Amino acid sequence: MDYLRTLGSAAVSTLVQKSGLNLPFSLGPKISSLDGVCNLYDGTKRDDGSSVSIFEYDYSDQTKKASKEFATNALRKLRSTRHPDVLRFIDAVETDTITYIMTERVRPLQSVLQSWCGRDAKEREDWIFWGLHRISVALTFVNDPCASTHGKLCINSIFISPSGEWKLGGFELFSNPKEEAPILYTSGAIYPNSSVWAAPEVKKGGWSVLKEYEPAVADAYALGLLLYAVFNPALGLPATAHPPHPSPTVSSSGSIPPVVFASFQKLLNPNPKGRQSPKSFLEIGMMDNGFFAKNKLVKVCLGLENFTLRSETEKNAFLRALQESSASFPPEFTSNRVLPSLITALEYGGATAAMILPLVLQFGVNVSPEEYPSLILAPLIKLYASPDRGTRMALLDHLPEYAEKLDKKISTGFSDTVAVIREATTKSIILLAPKLTDRILNNDLLRFLAKMQADSEPSIRTNTCILIGRLGPTLGYNTKKKVLVPAFSRALRDTFVHARVAGLMAFMATIDCFDVDDMANKVIPNIAFTMIDKEKLVRDQAFKAIDLFVKRLENHAAAMPDTSLPDSGSSAVLHEQTTLVTTAAGAASSLAGWAISSLGKKLITSDLQTTIGVGTSTAPLAERSISVPPPLETIGINSSIALTSPQTVSASSSLTSSRVKGMKLGSNNIPLSATAAILAGQWTDDNTESVRTENPWGNDDLIDVNADEDDWSAFETAPAVMAPKAITPSKLGFYLSGNEISTQHLPGRKTLGSVSSPASTMKETSCGQNKNNEIPKHMPSPTLPAPSFAEMTKEEKASEMARRKEERKQVIFQHLISIHFTELNNQRIALLKEQKKGAIRG
């Protein structure tokens, strides 16, 4: 078996399994040998990986055959004896040559005592008294309820748990006098070194003599020897342990505290009938001001054991005392004894949860990083599912103290019916966000936050908006574009003032999460209405937010090119005519003037490349669709004025030549009468029906052409007028001959005979210019030699009257157009002056 011990746990398991054994543990390193009967090993439980201790009884050697009897008794008694201060049994494996007993992880008291020698004397004394108290409780349980004798109480039968608690073990000689052939009475003498802890009566009459006394007699004497050994680990047995067993003296007590010396003397009384029992020793120590009762570790353990049975007042007093004295506790005591008890108390909830959790976190500071997840985090995470709101509230309030160490996802109280829990949960999420996965952060969490924005509590809605703003930079790119603007915009429409302010501040805090397109198209439009909010606090914040985003857009726009159009002459014209305005009137005029003018020039770039003039012959416009009217520049009319909204025409309006020359609004030389005729032809389609049914000039003719008696002398004596020259129609698509207007080159157009009324005419006309770039004040009507009425028949006279009537209509029409053009130019001059004054002031 020595060969097996030198192998690793895996090799041992393999060899043992080949022999037919199925070990529930993995054997680790050897810790110590106990009395030469068994060996103590560290081990690991296979099913859950927990740490355990393995007691190995090897009786394969013929010289150790007696060890099998001790191993069998130890296993039987340890398996049936359950007590908090007794070594906890877990499992066992028995064969013909070996027995393994698996217990909780422990260390021998002998090795632990050596490590305590370097600590503070007072702290060491408190720890020893606490251990003796636990062993006294265990012995009292063995002697009274179990009516048995331990029989082997010595330093090698005491073990220390990870929490520093003393555990009673070494059950090899554990016996009940009522049993058949108790091992203590039959084989006690052959156990190695059994005479060291044997009572005087045993040394005198053997172990069987104990049948005549109470079961506690032998254990009481051994307890006295143990007390001396733990306070004087460097010394041997006291003089009273040897015949004639004199009574202990103060000088021979070594480092035993005076407060316990009297009990020490009674425990080592040579007379078994006058010897103090472990139960009496415990009772004396637990009396008021007793050596156990005033021990702080003993008080803490008793307080933790009865914590759930105490009143709220007693609980609060105990927790305050625990907090005040926590610094003096051994680290292993707080980590493995106090912490588990406090966490268990947390599971019951109640008002004390707010006091318990800070203590848990305070004691957890000394826990190693390897043990922190199992000792602290795992229990706390389970408590988030507790139905007790006080517990969950305490967990949320103290979340900053342990959030960095979290490595698991926890559920939260977003759906709790109590508003305080929901608000605390919302505030705590910012601490948990770094621990959340991308899926939870960008999906599940945002679903909860969307519900929180509709919460009935204004503070929760406000804090939710703030939380989303703080989480914004950590969200995914697509999530930012989809969530942030709607979430913050929802806050801007909240009835709670501070929620609206939080929405504006969230927009500002996440400015880097938006690209310039979103700022211009989504963010600023959603913020704009808050600038006229009913609350000044909101308005002020809104203007700050708008200013922040506008400056960001200005910086971006400064780096943009002047235009995205191709580099051509049309873009240059557009740029030249685009000027900034500073007033509302100027903006309105510019919208009607330069912007549309530039658009018109852009659309007819090809037309601008040809020169238009009287007598110039170019290619006809046959390629243009017959349904599209010729461009306005084609007939010498500036498009900016042609598309300007019409103004009221004053009959008295006039424009001097000098002022008109300064304008130079165009360069095409088209007579105004020709312009009027072209416009009349273009308006014919829209006004044909109205002309057919209504005479735009009124129904009362100037003269009744059918009246023979009327005076015609005025017409017979009318002066003769030379006919004007015809205009070449090659470019314009029409020509004028005398008083007649032909539209043979404009398919689909009708003659001027269906001319519209002056009112409708003035709404759509635009100005043209004469050869000298001036708009004439007076536009004379071209006339022809008037034939004599004396030579005409009645029908010819009627025809002549109709012709002259039509001629008068043309003169009136052209005069109205001249007035309209003059008014438009006046307005344009005023506009340019206003812009010039604004530029000078700027």
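Biologist: Is aspartate 47 buried or exposed?

Modeller: Exposed: this is a predicted model, and in it aspartate 47 has a relative accessible area of 60%, which is over the 50% cut-off.

Biologist: Which residue forms a salt bridge with aspartate 47?

Modeller: Lysine 45 does, and the closest N and O atoms are 3.8 Å apart. Lysine 45 is partly exposed, at 21% relative accessibility.

Biologist: How many salt bridges does the structure hold?

Modeller: There are 26 salt bridges. One of them pairs arginine 134 with glutamate 305, with 3.3 Å between the closest N and O atoms. That pair ties together distant parts of the chain, since arginine 134 lies in helix H5 (residues 121-143) and glutamate 305 in helix H11 (residues 296-305), 171 residues apart.

Biologist: And is arginine 134 buried or exposed?

Modeller: Arginine 134 is buried, with a relative accessible area of 6%.

Biologist: What about lysine 551, which residue does it form a salt bridge with?

Modeller: With aspartate 547, and the closest N and O atoms are 3.3 Å apart. Both residues sit in helix H23 (residues 536-558), four residues apart, so about one helical turn separates them. Lysine 551 is partly exposed at 46% relative accessibility, and aspartate 547 is partly exposed too, at 37%.

Biologist: Which residues do salt bridges with shared partners join into one network?

Modeller: Asp85, Arg134, Glu165, Glu305 and Arg337. The Arg134 and Glu305 in that network are the pair from H5 and H11 that I mentioned.

Biologist: OK, switching to helices. At what angle do H13 and H15 cross?

Modeller: Roughly 5 degrees, and the axes of H13 (residues 331-347) and H15 (residues 372-383) come within 10 Å. Angles under 35 degrees count as roughly parallel, so H13 is roughly parallel to H15.

Biologist: Which residues make the contact?

Modeller: From H13 you have Ser335, Asn336, Leu339, Ile343, Leu346 and Glu347. H15 brings in Leu375, Ile376, Pro379, Leu380 and Leu383.

Biologist: And how many of those are nonpolar, polar or charged?

Modeller: By class, the contact has eight nonpolar residues, two polar ones and one charged one.

Biologist: Now strands. What order do E6, E7 and E8 take in their sheet?

Modeller: The order is E6-E7-E8, in an open sheet with antiparallel pairing. E6 (107-108) and E8 (166-168) are the edge strands, each with a single partner strand, so one side of each has no neighbour in the sheet.

Biologist: How many bridges join E7 to E8?

Modeller: Three bridges join them, with E7 covering residues 158-160. Within that pairing, phenylalanine 159 has lysine 167 of E8 as its bridge partner.

Biologist: What holds paired strands together in general?

Modeller: Strands of a sheet pair through backbone hydrogen bonds, in either a parallel or an antiparallel way.

Biologist: Last one: where is glycine 49?

Modeller: Glycine 49 is in the loop between strand E2 (38-45) and strand E3 (51-58). Glycine 49 is partly exposed, with a relative accessible area of 44%.

Biologist: And how far apart are glycine 49 and phenylalanine 25?

Modeller: In sequence they are 24 residues apart, and in space 8.7 Å, C-alpha to C-alpha.

Methods:
Residues numbered from 1 in each chain as written. Predicted model: local features only at pLDDT ≥ 70, side-chain atom pairs only at ≥ 80, totals over all residues. Heavy atoms only, no water. Pairing = 2+ DSSP bridges. Helix = DSSP H or I, 4+ residues; strand = E, 2+ residues; numbered from the N terminus. Buried < 20%, exposed > 50% of the residue type's maximum accessible area, 1.4 Å probe, protein only. Salt bridge = Lys/Arg side-chain N within 4 Å of Asp/Glu carboxyl O. Axes fitted to C-alpha atoms, helices over the stretch in contact; angles between N-to-C directions. Parallel < 35°, antiparallel > 145°, perpendicular 65-115°, else oblique. Contact = heavy atoms within 4.5 Å. Nonpolar A, V, L, I, M, F, W, Y, C, P; charged D, E, K, R; others polar.
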